[in-house]
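Hi,

Here is the structure I promised to pass on. Have a look at it first, and my notes follow below.

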Amino acid sequence: MAFAVINLDPANDSLPYECAINIEDLIKLSDVMTEHSLGPNGGLVYCMDYLEKNIDWLQSKLEPLLKDHYLLFDFPGQVELFFLHSNAKNVVMKLIKKLNLRLTAVHLVDAHLCSDPAKYISALILSLSTMLHLELPHINVLSKIDLIESYGKLSFNLDFYTDVQDLSYLQHHLDQDPRSAKFRKLTKELCDVIEDFSIVNFTTLDIQDKESVGNLVKLIDKSNGYIFAGIDASAVEFSKIAVRQVDWDYYRAAAVQEKYMKDDEDFNNDD
């Protein structure tokens, strides 16, 4: 199966990839900022609102791709679009309803935030807020994991940060910083909220490492149900597939359709 990238970031005027659909054919951030005297953030909110009102344009562009393409949507990186405003969520929900899409939200968080307890807790709150707001299968990713040691020694092992383990251990480190100590009670309450929901965790990504990228792709395919395509099995077998670890080779274990296996073989040969 081929893939198609859909650029929905109107500020992305220098694309590092070839896209099948580009929002700049509908609206450009630079034009919005000039015409309406808006800053970058306000301009992006305007663009998302405009896209929502013109969702038929995007739908007509997507329909020819649905039969034989895996779709990758590239949204703007401004976080307020995904937990403060409803436009981006409305766009996603309308596409799901109109085109019967099965989507997964992939939220990239710079791994260097783990080196600062306060920033790490902020990232957790942002991740939780986004998960609750979007209401989609959701994968949080610590990106640039290969560079994490360049930001300084971590206070704990990496799995402490990926699994979001007992956050009370961070309190001691926060108390060492006078700026953070005065917000001790607020920080504790925020940590309690994160742990009460207990739904935030992270996988890692080193974009230069094929295995790291492959594991993330498998995790995404599992969360949106793509791994089940072409499987003729009982509900029990589906359940077994669903609970397996991410490192299993689902192309063989799940006995997916022959063409899907061929696509994976071709990908490996190209590398």
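Predicted model: local features only at pLDDT ≥ 70, side-chain atom pairs only at ≥ 80, totals over all residues.

V193 has a relative accessibility of 36%, so it counts as partly exposed. Together with L132, F197 and I199, V193 makes a nonpolar surface patch of about 320 Å².

Now the inside. Nonpolar side chains in soluble globular proteins tend to be buried together. Here the largest nonpolar core has 31 residues, and L51, L58, L62 and L95 are the ones with the most contacts inside it. Strand 1 (2–7), helix 1 (29–36), helix 2, helix 3 (55–62), helix 4 (80–83) and helix 5 each give two or more residues to this core. Helix 5 provides the largest share, five residues.

Then the charges. Side chains of opposite charge can pair when their charged atoms come close.

- E52 and K94: the closest N and O atoms are 3.6 Å apart. This pair links distant parts of the chain, with E52 in helix 2 (residues 40–53) and K94 in helix 5 (residues 87–99), 42 residues apart. E52 is at 14% relative accessibility and therefore counts as buried, while K94, at 32%, counts as partly exposed.

- E135 and K89: the closest N and O atoms are 2.8 Å apart. Again distant parts of the chain are linked: E135 is in the loop between helix 6 (117–134) and strand 5 (138–143), K89 is in helix 5, and they are 46 residues apart. E135 counts as exposed because its relative accessibility is 54%, whereas K89 is buried, with a relative accessible area of 17%.

- K144 and D110: here the closest N and O atoms are 3.4 Å apart. K144 lies in the loop between strand 5 and helix 7 (158–162) and D110 in strand 4 (residues 105–110), so this pair ties together parts that are 34 residues apart in sequence. K144 is at 43% relative accessibility, so it counts as partly exposed.

Cheers

Technical notes: Residues numbered from 1 in each chain as written. Heavy atoms only, no water. Salt bridge = Lys/Arg side-chain N within 4 Å of Asp/Glu carboxyl O. Helix = DSSP H or I, 4+ residues; strand = E, 2+ residues; numbered from the N terminus. Buried < 20%, exposed > 50% of the residue type's maximum accessible area, 1.4 Å probe, protein only. Patch = residues over 30% accessible without salt bridge, like charges linked within 9 Å, V, L, I, M, F, W, Y side chains within 5 Å. Areas by Shrake-Rupley, 256 points an atom, 1.4 Å probe, with all protein chains shown as cover. Core = buried A, V, L, I, M, F, W, Y, C linked by side-chain atoms within 4.5 Å.
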